[in-house]
Amino acid sequence: MDSQPAYTPPGAKGEYRFSFGPWNIDEGADPFGPPVRQPVAMAEKMRVCRELGFHGMQFHDDDAVPELDTKSAAEIGRQARQVRRLLEDAGLEAEFVAPRLWFSPCTIDGAYTSNDPQCRQYAVDRSRTAIDIANELGARTLVLWLAREGSYIRESKNPRVEVLQIRDAIDAMLAHDPQITILIEPKPNEPVDSAIIPTIGHAVGLAYLTADPARVGCLVETAHSILAGLDPADDMAYGLAHGKLRSVHLNDQGGLKFDQDKSFGSYNLRRAFNQVRVLEEYGYGRNGEWVGLDVKVMRTQKQDANTKHLRNSLAMFKALLDKVVSLDREREAELIRERDYEELDRYLLHHLLGIAG
Ligand code: 3MF
Ligand code: MG
């Protein structure tokens, strides 16, 4: 990309649009125990979305049209239009649609990279349907979380072939709709042992392999970067440097364990500050990019307290944005010139703690 957005001068705080997905208000089941809360209807999730100050929702294809594999194209279109009306009534937009390619019996061993050609075909057909649903919802973006693209044992698949299979699948999606933008959401593991596109570097590289790289970008999720042992702010910067960071899933993660999707800033405020900083300084959001919060309700929350993680994460983003804007840049630059990183470290921590001096 030859046109990098300008560095934003301190004080010029950006405006952001925030979103989350219906799965972010869930019933609390985990692999070791059943649901602990009642399901919340889609219209109620939308009402909460608006009330909490979010601007849009994200969807899996079957969040919008449940059990879509059993439905005709006409029926899928009709149900998607109903969801569009619900969104409009709530004063919300749809950010993206993501094909849920990890539930079907056809995708047990992967979707685009399954060893069974019929299953690969299912995955591409389902992705095309997800694009049709996106169009009905007014979303211009398809997100690919490549959940099962990889292996449980390395010898079961050919890794070079896998990369090209995903490229071919993306090319088929680009050809299906000349307007759609496709974002790759990498994650290094879970559910597979070893994902074939584990990091943002892999996702950006894959974008350049496709037939229309300008329409293929990436989505950085905080927890996924941390699971890869990387710094989420650096991953965002890498995507920004390539002009390919088109969405984010902010949350937090306490190191190398199961994917936690904790509230934004919950584990590491400084790491969260650096994410807000890199977005704000490089004009993220000024071209319509959304700030998504992919955060999970703690299983311990009671029914009537099941949206506080969303409220808290949004408030944390805004609080850290104030910290970004009020950072003393001259002082920081002076400490960098002096190579006094011990003092810079102290200044940043005191700034985050609100300690003067
Ligand atoms: C998995 C995720 C997913 C994706 C979602 C949309 C449950 O770790 O983060 O959220 O974000 O499927 O792509
Ligand atoms: Mg996510």
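Reply: Let's start with a word: a residue is near a molecule if one of its heavy atoms lies within 4 Å of it. This is a predicted model, where local features need pLDDT of at least 70, side-chain atom pairs need 80 or more and totals use all residues, while hydrogens and water are left out of side-chain values. Residues are numbered from 1 along each chain, chains are lettered from A and ligands numbered from 1, in the order written.

Now for ligand 1. It has 13 residues around it, and the closest are H60, E185, E221, H224 and D259. H60 has a side-chain N or O atom 2.6 Å from an oxygen of ligand 1. K187 also has a polar side-chain atom by a ligand 1 oxygen, at 3.0 Å, and for W23 that kind of distance is 3.5 Å.

Two of those names, E185 and E221, come back at the metal. The magnesium ion (ligand 2) is held by E185 and E221 through OE atoms, H249 through ND1 and D294 through OD, at 1.9 to 2.3 Å (donors are N, O or S atoms within 2.8 Å of the metal, or 3.2 Å for Na, K and Ca). Six donor atoms surround this magnesium ion, with angles of 80 to 173° between them, which makes the arrangement octahedral (six donors, opposite ones over 155 degrees apart, all others between 65 and 115). Along the chain, the donors of the magnesium ion follow the spacing E-x35-E-x27-H-x44-D. E221 sits in strand β8 and H249 in strand β9, residues 245-250, so this pair links parts 28 residues apart in sequence (strands are DSSP E runs of at least two residues, helices H or I runs of at least four). E221 and H249 are both buried (under 20% relative accessible area, with a 1.4 Å probe and protein chains only).

Follow the chain back to helix α6, residues 200-209, where I200, A203, V204, L206 and A207 are buried. They span an arc of only 160° around the axis, which places them on the same side of α6 (the arc uses directions from the axis to the C-beta atoms). Among the elements covering them are α5 (159-176), β6 (181-185), β8 (216-221) and α8 (232-241).

Notes. Buried < 20%, exposed > 50% of the residue type's maximum accessible area, 1.4 Å probe, protein only. Contact = heavy atoms within 4.5 Å. Tetrahedral: all angles 85-135°; square planar, octahedral: opposite > 155°, others 65-115°. Polar contact = N/O pair within 3.5 Å; in protein donor to acceptor, adjacent residues only side chain to side chain.
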